[in-house]
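Please look over the sequence and the model shown here before reading on.

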Amino acid sequence: MPRVAIFLCNDQTMAECFERQLFGTGDSYGLQVRLGDFCLLYNFDQNRVFGIWRATTNSGNHEPGAWHGQFQNQVRIAEVGEIKQATRNQIQALVGFQIIGNIYVGERAESLLQHFQPEIEQQTARTGQTAAAPRPTESRASRQTIDRKS
């Protein structure tokens with residue numbers, strides 16, 4: 001059964017997430033993220049949710065100096081297909097309650113996957129398994145963020 005974790009960032013920390021291919025949190029849900037879980041990133045400055053990525057590690061403190069040491073429950077990530085975005089309201093309509101600091105399973109996870117990557121959800125439903133995580137690459141979202149600041 002697929003699992004989807006939603007991490008939090010702002011405009012400043014988002015760039016570091018992409019540069020390091022790493023998501024992190026100080027909250028306990030971050031300790032529960034496992035290799036192969038899907039991940040989304042909510043930017044509260046933009047009120048937008050970006051995705052989708054795949055955890056390429058179990059949670060841990062992979063880079064203690066990341067984000068000035070503030071977010072030590074970390075997971076390495078890799079893009080899954082084209083990075084898409086949605087508003088917070090669109091995501092709340094899918095999951096029905098707080099979107100940050102949660103790991104979703106079951107119908108809610110499948111709804112999130114369907115919204116961001118319909119082909120992933122369909123593959124998961126057919127096989128009962130999730131696709132292998134792709135190798136980390138430079139994030140398209142990172143390039144878009146950098147281009148907007150130029």
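Glu-107 counts as exposed because its relative accessibility is 70%, where exposed means over 50% relative accessible area and buried under 20%, with a 1.4 Å probe and protein chains only. This is a predicted model, in which local features need pLDDT of at least 70 and side-chain atom pairs count only at pLDDT 80 or more, while totals for chains, interfaces and linings use all residues. Residues are numbered from 1 along each chain as its sequence is written, and side-chain values use heavy atoms, with hydrogens and water left out.

**Glu-107**
- Glu-107 is found in helix H3, residues 106–116, a helix being a DSSP run (H or I) of at least four residues and a strand a run (E) of at least two, numbered from the N terminus.
- Although Glu-107 and Leu-94 are 13 residues apart in sequence, their C-alpha atoms lie 9.3 Å apart in space.

**Arg-3**
- Arg-3 belongs to strand S1, and Arg-3 counts as buried because its relative accessibility is 14%.
- The side chain of Arg-3 reaches the backbone oxygen of Gln-32 at 2.5 Å.

**The largest pocket**
- The largest pocket is lined by 16 residues, and Leu-8, Cys-9, Gly-24, Thr-25 and Phe-71 lie nearest its centre; a pocket is an open set of points on a 1 Å grid over the protein atoms alone, where a 1.4 Å probe fits, with protein on both sides within 12 Å along at least five of seven lines, and lining residues have an atom within 4 Å of a point.
- Strand S2 gives the most to this lining, with three residues.

Key:
A polar contact is a pair of N or O atoms within 3.5 Å; within protein, one must be able to donate a hydrogen and the other to accept it, and residues adjacent in sequence count only if both atoms are side-chain atoms.
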